[in-house]
Amino acid sequence: MNNRKILRRRFWQTAGIFVDNAVTNNIVLIQALGLCPIIAAGTTLKNGVALTVCAAVILLPLSFIVSLLGERLPKWLRPAVYVVIGSLLMVGAAYVMETSISPELYAKLYLFIPLMAVNMLYTRSGGMTTVIYPLATIADALGSTVGFGIVICLISALREITISSTLWDVPLGYTVSLPEVAAPFAAFILLGFLSALLQWSRQHITAYFRKREEENA
Amino acid sequence: MNNITAPHIRTEAASRHLTRDVLLTTLPLCIFSAVTYGVRPVLIVLFSILSAIVSECVCCLFRRQSMQVIRDGSAAVTGALIGLVMSPMVDYWVPMLGAAFAIIVVKAPFGGYGRNVFNPAAAGIAVLSYCFPQRMFTYPIASSMNPLPTGMSVGDEVVTSLSLAAQLRADATPSITRMQLILGDFAGPIGATATLLLVACAVYLICRGTISCWTVVPYFATCALVAWLFPAAGVSRMYGVLAQVCAGYVLFTGVFLINDTVTTPRFWFARLLYGVSAGVLVMLLQRIGRVECGCCFAILLLNSIAPIMDRWSWYVWRYVTRFLRIRQEVKAHE
């Protein structure tokens, strides 16, 4: 009975961390990280999905390794080690993308993968120092990836629809096109509106998860 | 009723009086354009105003606010200013889009009139000039067809020309005489060519207290100084000053855009600073910017630092006066 209660609490705690990173403390909209790839490369849904996959490939193994290393490393060494591991993963992801997925996509995005990786590592190297248990770290990384993915996919889909009236290269059947939306200012405005929307709804989401965690405490 | 007035103005009547003055001054500009080009420019301005007011109503609905807000007239002013910088042969949907953008994206999310950080009209013009430079900066020659057709879009039958600003940017020698410059008899935006009328509008607004001479005078002085120091190629120095200050948007910006009471500093010293920096930036962007109307970008840049300007210049002024007073007291003591 007691065991089940602890498990349930763990579940809500982990879910809370996931939702906190994915939605209420969104890496892009609230922490303003990873903006550059979204603004410059998030012009088609394909780019958006590719960048999300890259983020997942880099972040998930990294956070797992980091949670295993845990407190064994001295504090001053941690950021350096994380950055080295992250860069190695990034090089691997870029290589796989170029050779076996799509060289054209890589040619479009090669500049933004390192930018995104470094941006993501920024949060990781700071946040990982207070890790409690591996599951929490995974939830944290997954949440960040999902949060980044939701925002970049939403923005790139909206921009693709307005730029070329296609979605995932499939024509939508009308020909209203506004190529100027590819300019950075449109992405900034969209990000601003999404951020405002999130600020408006975040207190309700946070309150719900805090309540569930307290109920099971 | 307290919630519908702007915070920088004490009563609702005062804010209405400000916007009514500006709307009144746009009237002669419209009439001037109507005499030259027919009804089309008036329709452009009216459609722009309509679009701004409808957008404001939509935003009111969204924020569950009373529709009475539109009675302060600020939306109408934004729409009118956007309509006035359009080319007389632009399609009607272009200024409507700009006005809707100005209200929905730049004004309403910040909390409406009195709380907006950026000048909505300048932002609307900036977006339009970035997105549709071809449509915005093609001007009909007044004598080629009078009046312009009032249909949705004007075709190829109208003879077009580059504006004076574009000619100066391209280092071409403009063929417009000084008299034509002063009378406003050259191709250009609807409300930005009538030099004499614009000067009269500025004088009227200063006399009414709607705009402050602490911004306007330093702005024009700086513009003239910059134009005199760095003359355009192929023209005489005096003509260069006249042409660059009257060309297109510089004069219009000085009379309308930099005097928006919400986004300019309040303190006189900050206003002076604002005017001078606006003059330098406007002339710079006019010369080297990507699009012809660099003015609105200059205004947007300055809007973002206007509150800081206000605070810092107030501090500086306070310290200067305190220092002077102490020195005076010390002298009196001695």
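Which residues is Val85(B) in contact with, once its neighbours within four places in sequence are left aside? I looked this up and found Ile125(B), Pro189(B), Gly191(B), Ala192(B), Tyr249(B), Phe252(B) and Cys293(B). I note at the outset that the model is a predicted one.

**Entry: cores.** I then looked at the largest nonpolar core, which has 94 residues, and saw that Val85(B) is among those that touch the most other members, together with Ala102(B), Ala122(B), Ile125(B), Cys295(B), Cys296(B) and Ile299(B). The element that gives the most to this core is helix 4 of chain B, residues 93–107, with 9 residues. I also recorded a second, separate core of 35 residues, which includes Ile38(A), Val57(A), Tyr82(A) and Val181(A). As background, I keep in mind that in soluble globular proteins nonpolar side chains tend to be buried together.

**Entry: helix 4 of chain B.** I checked the span of helix 4 of chain B and found that its 15 residues reach 20 Å from the first C-alpha to the last, close to the 21 Å expected at 1.5 Å a residue. I count this helix as mostly covered, since 12 of its 15 residues are buried; among them are Val94(B), Met96(B), Phe101(B), Ala102(B) and also Lys107(B). What covers the buried residues of helix 4 includes, in chain B, helix 2 (40–62), helix 3 (74–84), helix 5 (120–131) and helix 6 (133–136).

**Entry: two loop residues.** I looked up Gly184(B) and placed it in the loop between helix 8 (178–183) and helix 9 (195–208) of chain B. Is Gly184(B) buried or exposed? With 21 other C-beta atoms within 10 Å, Gly184(B) is buried, because the cut-off for that class is 20 or more.

Arg64(B) sits in the loop between helix 2 and helix 3 of chain B, and I noted its positive phi of about 55°, although it is not a glycine. Most residues other than glycine have a negative phi. Arg64(B) has 6 other C-beta atoms within 10 Å and is therefore exposed, since that class takes 12 or fewer.

**Entry: chain B as a whole.** I listed 14 helices and 2 strands for chain B. The radius of gyration of chain B is 21 Å, close to the 20 Å that the globule rule gives for 334 residues, so I take chain B to be as compact as a globular protein of that length. The C-alpha trace of chain B spans about 80 × 55 × 30 Å along its principal axes. Buried residues make up 47% of the 334 residues in chain B, and of its contacts with a separation of 6 or more, 72% are between residues 24 or more positions apart.

**Entry: contact and confidence.** The model scores ipTM 0.78 and pTM 0.83. Chain B averages a pLDDT of 84, and 93% of its residues score at least 70, but over residues 1–5 of chain B the pLDDT is below 50, and this stretch has 8 contacts in the model beyond near neighbours in sequence. Where pLDDT is low, the predicted coordinates should not be read in detail.

Conventions. Residues are numbered from 1 along each chain as its sequence is written. Chains are lettered from A and ligands numbered from 1 in the order in which they are written. pLDDT is the predictor's confidence in each residue, from 0 to 100. Two residues are in contact if their C-beta atoms, placed from the backbone, lie within 7 Å. A nonpolar core is a set of buried Ala, Val, Leu, Ile, Met, Phe, Trp, Tyr and Cys residues joined through C-beta atoms within 7 Å. Helices (H or I, at least four residues) and strands (E, at least two) are DSSP runs, numbered from the N terminus. The radius of gyration is taken over C-alpha atoms; the globule rule is 2.2 Å times the number of residues to the power 0.38. The expected span of a helix is 1.5 Å times one less than its number of residues.
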